[in-house]
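Biologist: I am new to this one. Could you show me the model and take my questions on its backbone and its buried residues?

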Amino acid sequence: MNSVRIEDKIFEILLENDQISKRTRLIAIQLDVDYESRCPVFIGVLNGSFLFMADLLKEVKMSCEVGFIKVSSYNGTESNGNIKEIFGLPENLHNRDVIVVEDIVDTGLTLDYILGEIYKQKPSSVAVCTLLLKPEALRTSHEEVEYVGFEIANEFVVGYGLDYNGLGRNLKDIYRAKSLESH
Ligand code: IMP
């Protein structure tokens with residue numbers, strides 16, 4: 001499919017599943033090298049990371065633990081940075097190597113909040129692995145963002161876990177918004 005319609009928006013193809021898989025395999029190889037003889041805790045940020053997390057973890061060979069967290073809140077196409085709460089964060093991260101897995105880092109405000117909560121537990125290291133990064137949208141810089149699948153322009157994207165108003169997460173490929181909102 002070259003384009004899809006979700007509610008008021010038309011989206012056109014940006015990254016095909018095949019490209020995503022190839023990049024994911026490379027990131028997994030890099031992680032296996034970097035975390036050799038360690039046993040990190042992977043923490044996926046729901047809902048958006050569910051497909052990337054599953055595909056990435058199937059490629060990773062190291063011994064590791066896996067968990068998910070959920071943060072509120074994000075509406076429509078604009079990040080408001082109004083993070084309220086974090087659910088499901090493991091409480092045993094002290095002295096652990098933590099790898100946060102995100103679908104996308106946009107303004108970075110969600111990540112700011114998540115990292116703040118994780119550092120409270122004094123882990124031995126924290127790294128972030130994100131499938132997508134919008135460098136132009138970033139409002140904070142994070143040296144923890146060591147693994148990036150693709151840098152993309154400051155456009156709204158959907159598919160492969162990412163949604164528009166709750167829809168489109170199940171699309172295999174990633175699409176970018178073509179038309180502006182018509183209201
Ligand atoms: P940030 O706090 O601005 O970095 O936004 C992070 C969260 O906003 C991501 O985990 C996504 O859930 C959501 N988000 C940001 N940009 C997009 C996008 O282009 N499409 C879909 N969701 C997005």
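Modeller: Start with glutamate 7, in the loop between β1 (3–6) and β2 (9–15). Keep in mind that this is a predicted model.

Biologist: What is the phi of glutamate 7?

Modeller: Most residues other than glycine have a negative phi. Glutamate 7 is not a glycine, yet its phi is positive, about 50°.

Biologist: Is glutamate 7 buried, partly exposed or exposed?

Modeller: Buried means under 20% relative accessible area, and exposed means over 50%. Glutamate 7 has 44% relative accessibility, so it counts as partly exposed.

Biologist: And tyrosine 160, is it buried or exposed?

Modeller: Tyrosine 160 lies in the loop between β9 (157–158) and β10 (174–177). Its phi is positive too, near 50°. The relative accessible area of tyrosine 160 is 3%, so this residue is buried.

Biologist: Which residue does a cis peptide bond join to leucine 46?

Modeller: Most peptide bonds are trans. Here omega is about 0°, which is the cis form.

Biologist: Where on helix α2 do its buried residues fall?

Modeller: Helix α2 spans residues 50–59, and Phe52, Met53, Leu56 and Leu57 are buried there. Seen down the axis of α2, these residues fall within an arc of 120°, so they line one face of the helix.

Biologist: What covers the buried residues of α2?

Modeller: Both a helix and strands take part. The cover includes α1 (17–34), β3 (41–46), β4 (65–71), β6 (97–105) and β7 (125–133).

Key. Residues numbered from 1 in each chain as written. Predicted model: local features only at pLDDT ≥ 70, side-chain atom pairs only at ≥ 80, totals over all residues. Heavy atoms only, no water. Buried < 20%, exposed > 50% of the residue type's maximum accessible area, 1.4 Å probe, protein only. Helix = DSSP H or I, 4+ residues; strand = E, 2+ residues; numbered from the N terminus. Arc of directions from axis to C-beta. Contact = heavy atoms within 4.5 Å.
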